[in-house]
Amino acid sequence: MQGFASEFNHALSLILNGDAELWAIVLLSLQVSIFAVLISAVIGMPVGAALAVARFPGRRALIILVNALMGFPPVVVGLLVYLMLSRSGPLGVLELLYTPTAMIIAQVVLVTPIMAALTRQVIEMLAEEYSEQLRSLGVSRLASVPVLLWDARLALVTALLAGFGRAIAEVGAVIIVGGNINHVTRVMTTTIALETSKGNLALALALGVILIGLAITVNAMVSALTLRAEREGLRHA
Amino acid sequence: MRDVVTGTPGILEVSNLSITRDGKTLLEVPHLCLDGPGPTLILGPNGAGKSLLLRCLHGLIQPDRGRVCQNGVVLNADHKARQAMVFQSPVLLRRSVAANLDFVLKRQSMPRILRKQRIDALLAEGGLDGKAGQPARSLSGGEAQRLAILRALALEPETLFLDEPTSALDPSATQMIERMVLRASARGVRIVMVTHDIGQARRLASDIVMMQAGHVVEHGIAQKVLNEPESDDSRRYLAGGLVT
Amino acid sequence: MIPDFIRASVLAIGLTTGIGWAEEPFIIVQSTTSTQNSGLLDYILPGFEAETGIDVRVVAVGTGQAIRNSVNGDGDVLLVHAKPAEEQFVADGWGVKRFDVMYNDFVLVGPKSDPAKIKGGSDIVAALAAVASSEAPFASRGDDSGTHKAEMRHWGATGIDPTGASGTWYREAGAGMGATLNVASGMGAYILTDRATWLSFGNRGDLEILVEGDPRLFNQYGVTLVNPEKHPGVRASAGQRFIDWLIGPDGQAAIASYMLDGQQLFFPNAK
C-alpha cells in the first residue's frame, strides 16, 4: 500500500482541479441516470397510481410482481437488455448496443419498478385518507389520480431521488450493455470497476468519493424535503 | 332541485333503509322525512348509526335495502352535486388554504377573477383572512375544520351535512363553527348535523332526530324532543344516563 | 422547490442532448482486458483514428466473452489471444479470416516468500507442479478467458487437475485479470498473468515475477473481422481498414514502440 496516500491525493486533485476527462465521465453518469429516472417516473408513477386507485382482477398479483421486480439483479437486467439489443437480438437493427441509450434503457428497466412500487404505496395511503372527501366533492376515481399525485408530490420526489440513487450507483447492467467504452459509455461506476481491475485502487476510491458525495447530496435533499414536509404538515400520517 | 316557490331545499326522504354487516343490523330506518329548513341535528350515543345515516343521505354509502329520495326522486348525481359534507376530522388537501378552496371553485369552472374574489369572501366568512397562503395542514384543529366548512360552502350546496365537526375542539373553536353553521342556515342552506353533544343540539337545532342502536327512536321539533321526549331511550339519553 | 426541480429536469434533458451519439464513423472492437488495461490500445489507436477518421470503440472483456459477443454480431473486429478458439470462430463461419498481430508473454507471479521454491526457474510446467505439491495458494482466472485457457494448458502438461483442489489451495476467481490479481495480491497467492497487465498493475503488494522466459509462455494475439454474411450490420469496410492498419507497417511500428517502465510489452509479428 506504499504510495497509496500520494496516489489518493493525486486522484483527489484530479477531481478538485476539474480534470476534463474525469468530469466528462461524471457528467455522462449524471446525464444517463437523470434521463433514465425521468423516463422511469413517466412510466412508473402512472402505473403505481393506477395500481393504487384502480380495482381490477389480478391487481394483487401485479403489485407482488412490481415489488419483486424492485429486487431484480442488475446483471440479469443487463443481460436481458443485451439480448434484446444485440445484433442477433430482436432489436438489433436499432444499433443501440454499446451506446448511452442502451445504458438508459437498462437503468429504466431497473428503476421503473421502484418508481411504480413506491408510488403505489404512497398513493394508496393518501387515497385511503382522501377517498370519502373526494367522493363527497364529486371527484371520480379517475379524476382523483392527478389530485393524489400532486398532493403526494413530496413523497414522489423522494421516490425519484431513491430511483436516482439506484441508477447512478449501478454497475452490473451498464457495463454489459454500455461496454465501458472510453469517451462513449464510460461512467463513474464502470470506471471504478476498470480502475480496480487495473489495481489503481486510489483512483477508483477517488471516484467512489464522488459517488458518495452524490449520495450524500441526494440524501440531504431527501431529508430537507422531509423536514419541509413536516414543517408544513404535508407529511402523510 | 331547489324548490322554486319557497327557495328552500326540497324534501329529503328515507324509506325502508337498512344496512346489515355480518348479520348485525347497523341501520334500520323504515321512514324519515326531513322537510323543514333545519338545522336538523341527529343526536344519539356512539354507535347509534348517526354517521351511517348521514352517509346514506349524502349517497356516500349505498344501503343494502331501501332508498333515499329528494322531492320524490331517488337521489342522483344532480342531487349529490347540490350537497356537501364536512367530516369529523377534516380532510384537507396538502396545499395552501386558498388552494383548498380554489380546488372546488375550479371544478365549477369559475373564472379566475371570480375565484379570487370568492376565496377572499370565504376566508373572511371563516375568520381565516391572512392565512390564504399558509399550508392547510399547518392550521390548528379549529381553523382546519373552519376551512373544511368553507370548502363545503364554496360548492354553494342546498344541503350541508356535518358529521360531529366539533367533537375534537375546545369551546371557543366550537362556538366559531356553530356560528358559521347558523349563518349558513340563515342564508337558506339546509343543515343536517350529527352530534352527541346535547348542549349543541339545544343551541342549534330546529328539529332533532334521536337515534339509538341503528334505529330512529324519535324525530320532532327540537323544543319538544328535548323537553318532552316520547321514547324511554331519548329520556334516558337526555337525562345524561349512559345509554348502552 | 417544485419549480426548481422541474427547471433542473429540463436543464438535465438539455444537457443530455449533448450525450455522445457521435455520428462520425466508428467500429466496435471486441477485445480483452489485457490489451486495454496495459494501455496499449490507448497508445496506438489515436494514430489510426487520426489517419482514417474512424473512431475505434473498444469493449474489453475476457476472450471467451469477446468471442461470444462477436458470434452475436456485437462487434466488428475481434482482437483476442486464444488461437485455437479464434480458429474455431473462423471455421464456424463467424469470422472472415484470422491474422497474427503480436505476442506478449505470460509470467508466473507469486509472493516474495515463495513457499513452493520456484523463483528463477524458466520451466512453467515444473513450477506449477511444485506449486501444486506445496499446496501454496494459487489464484486462477477461472473465467474461460485466453489467459485461463493458457493456464489450463500448462496444468494439463503437468498431469495435475487443480480444479480437484478448487476451494482449498486452488482459487478460481471467475473474474478479469486485474480483479484476479487483486485477489492474489490480497492472499499472497501464485498467479499466471500476462506481462502487460502485470506491468501496468498498481496493487502488486508482496507479489513479484518468479518464472518467465519459457517459450511455452508466449501469448499470441490475433485479429479477425466478424463475418458480415452472418451479421449484415457489421461495419466490414471500416473494420477491414483497421485490420489492414494493425497488421501493416504503421500499426506494427506503433505496437513495437509502446513501452511501460522502459519495457516493450508487445512484440509485433504479423506475417
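Two residues are in contact if their C-beta atoms, placed from the backbone, lie within 7 Å. This is a predicted model, in which local features need pLDDT of at least 70 and side-chain atom pairs count only at pLDDT 80 or more, while totals for chains, interfaces and linings use all residues. Residues are numbered from 1 along each chain as its sequence is written, and chains are lettered from A in the order in which they are written.

**Exercise 1.** Describe the contact between chain B and chain A, and characterise the side that chain B contributes.

*Solution.* Begin with the totals: chain B supplies 15 residues and chain A supplies 12. Next, assign elements, where helices (H or I, at least four residues) and strands (E, at least two) are DSSP runs numbered from the N terminus; α2 (77-81) and β6 (83-86) of chain B each give two or more residues to this side. Finally, sort by class, counting Ala, Val, Leu, Ile, Met, Phe, Trp, Tyr, Cys and Pro as nonpolar, Asp, Glu, Lys and Arg as charged, and the others, Gly among them, as polar: the side of chain B that touches chain A has 9 nonpolar, 2 polar and 4 charged residues.

**Exercise 2.** Carry out the corresponding analysis for chain C against chain A.

*Solution.* Here 29 residues of chain C meet 27 residues of chain A. At least two residues each come from α1 (2-16), α2 (33-37), β2 (55-61) and α8 (177-187) of chain C, and α1(C) gives the most, with 6 residues. By class, this side of chain C holds 12 nonpolar, 15 polar and 2 charged residues.

**Exercise 3.** State the secondary-structure content of chain A.

*Solution.* Counting the elements gives 10 helices and 0 strands in chain A.
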